[in-house]
Amino acid sequence: MKTVRLNNGVEMPMEGFGVFQIPEDSCEQVVKDAIDLGYRLIDTASSYQNEKAVGRAVKSCDVPREKLFITTKAYIQQMGYEKTKQAFQESLDNLGLQYLDLYLIHMPFGDYYGSWRALEELYREGKVRAIGVCNFLPDRLLDLYYNSEISPQINQIERHPHYQRKEDLEIMDELNVQPQAWAPFAEGLKGMFDEPILKEIAEKYKKTVAQVILRWNVQQGVIVIPKSVHRERMRENLDIWNFKLEDADMERIGSLDKNCPSMLDTRKVSEVKRVYDYLNNPVLTSL
Ligand code: NAP
């Protein structure tokens with residue numbers, strides 16, 4: 001497994017395992033399987049409501065804690081200095097850990113500057129090895145960069161062949177913020193696995209479409225965190241380190257960009273309103 005050195009010197013695996021939408025009751029076994037197959041980076045969030053299961057898997061697996069890289073996130077309702085400090089401790093307790101490898105602000109909404117001050121403090125106290133953000137568009141990332149003492153180590157963003165985000169990657173490169181792709185398969189939506197160009201390329205390298213997508217990301221220096229509840233797919237998604245896509249194939253994948261997110265598009269006013277409708281409606285449990 002290749003690693004990448006973050007702007008604070010911490011080494012982070014280039015591929016990890018995401019646990020979004022994995023129910024608490026099955027998540028422990030799924031994460032155990034993932035670790036058993038070789039995943040070392042596990043990506044959860046307080047909003048996924050499965051931190052306790054991830055913690056049990058970490059505790060009972062055969063891999064020492066220091067060889068694992070555990071990420072979790074503070075959600076929108078946990079923004080603001082005090083709330084984020086409390087949220088961090090709750091997540092740590094849920095996970096049963098003494099420290100986190102990476103703590104992220106999940107969404108750029110609410111008092112995330114207050115939250116960033118909390119993350120900076122937790123980092124200085126040694127409670128977390130790296131800090132970062134998710135879903136920050138270039139303008140917000142740049143503004144945070146200019147207004148923070150510790151600049152983010154990571155920006156975790158939706159990225160796949162239908163939403164390639166060239167400008168986002170350019171600004172992250174300029175600021176030395178490591179990009180990490182969530183939903184690398186666009187959750188399988190909008191025909192991602194049936195793209196003829198991806199199928200042709202997969203056939204050429206005797207790989208699967210999933211492997212081509214993951215390889216395309218890591219070859220551009222983007223960390224990936226695919227999710228699967230199936231052992232065979234977990235294994236398949238890990239098997240991307242023994243081939244290299246030629247430049248011409250990278251360009252062909254480049255031609256698939258539709259500038260189209262699969263779920264939430266916070267560039268749109270209507271979508272931002274949807275976030276606040278969710279926040280103001282306790283009946284809804286997720287976006
Ligand atoms: P994803 O990884 O793009 O796609 C997961 C879907 O693809 C599942 O339906 C899975 O099905 C299927 N799949 C996985 N491997 C496959 C393969 N080899 N062949 C065919 N189908 C395959 O979507 P995601 O879970 O939304 O994103 C990955 C991780 O990113 C999340 O788990 C989470 O940790 C993180 N994330 C972060 C944010 C954020 O705002 N920061 C948002 C969303 C997600 P099965 O499980 O049935 O195999």
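The protein chain has 11 helices and 10 strands as its secondary structure. The model is predicted.

**Exercise 1.** Decide which radius of gyration a compact globule of 287 residues would have, and set the value of the protein chain against it.

Solution. Step one: for 287 residues, a compact globule would have a radius of gyration near 19 Å. Step two: the protein chain has 18 Å, which agrees with the globule value. Step three: for the extents, the C-alpha trace spans about 55 × 45 × 40 Å along its principal axes.

**Exercise 2.** Describe the residues around the ligand by number, class and origin.

Solution. Step one: 27 residues surround the ligand, and the closest are Asp43, Gln156, Glu187, Ser228 and Arg233. Step two: sorted by class, this shell holds 14 nonpolar, seven polar and six charged residues. Step three: helix α9 (residues 231-238) supplies the largest share of the shell, three residues.

**Exercise 3.** Find the distances from the side chains of aspartate 43, glutamate 236 and asparagine 237 to the ligand, then state how much of the ligand the protein covers.

Solution. Step one: aspartate 43 places a polar side-chain atom 2.7 Å from a ligand oxygen atom. Step two: for glutamate 236, a polar side-chain atom is 3.0 Å from a nitrogen atom of the ligand. Step three: an N or O atom in the side chain of asparagine 237 lies 2.9 Å from a ligand nitrogen atom. Step four: on its own the ligand has 900 Å² of accessible area, of which the protein covers 89%.

**Exercise 4.** Which pocket corresponds to the space taken by the ligand?

Solution. That space is the largest pocket.

Note on methods: Residues are numbered from 1 along each chain as its sequence is written. This is a predicted model: local features need pLDDT of at least 70, side-chain atom pairs count only at pLDDT 80 or more; totals for chains, interfaces and linings use all residues. Side-chain values use heavy atoms; hydrogens and water are left out. A residue is near a molecule or strand if one of its heavy atoms lies within 4 Å of it. A polar contact is a pair of N or O atoms within 3.5 Å; within protein, one must be able to donate a hydrogen and the other to accept it, and residues adjacent in sequence count only if both atoms are side-chain atoms. Accessible areas come from the Shrake-Rupley method with a 1.4 Å probe; for residues, only the protein chains shown count as cover. On a 1 Å grid over the protein atoms alone, a cavity is a set of points where a 1.4 Å probe fits but cannot get out, and a pocket is an open set with protein on both sides within 12 Å along at least five of seven lines; lining residues have an atom within 4 Å of a point. A molecule sits in a cavity or pocket if more than half of its atoms lie within 2 Å of its grid points. Helices (H or I, at least four residues) and strands (E, at least two) are DSSP runs, numbered from the N terminus. Ala, Val, Leu, Ile, Met, Phe, Trp, Tyr, Cys and Pro count as nonpolar, Asp, Glu, Lys and Arg as charged, and the others, Gly among them, as polar. The radius of gyration is taken over C-alpha atoms; the globule rule is 2.2 Å times the number of residues to the power 0.38.
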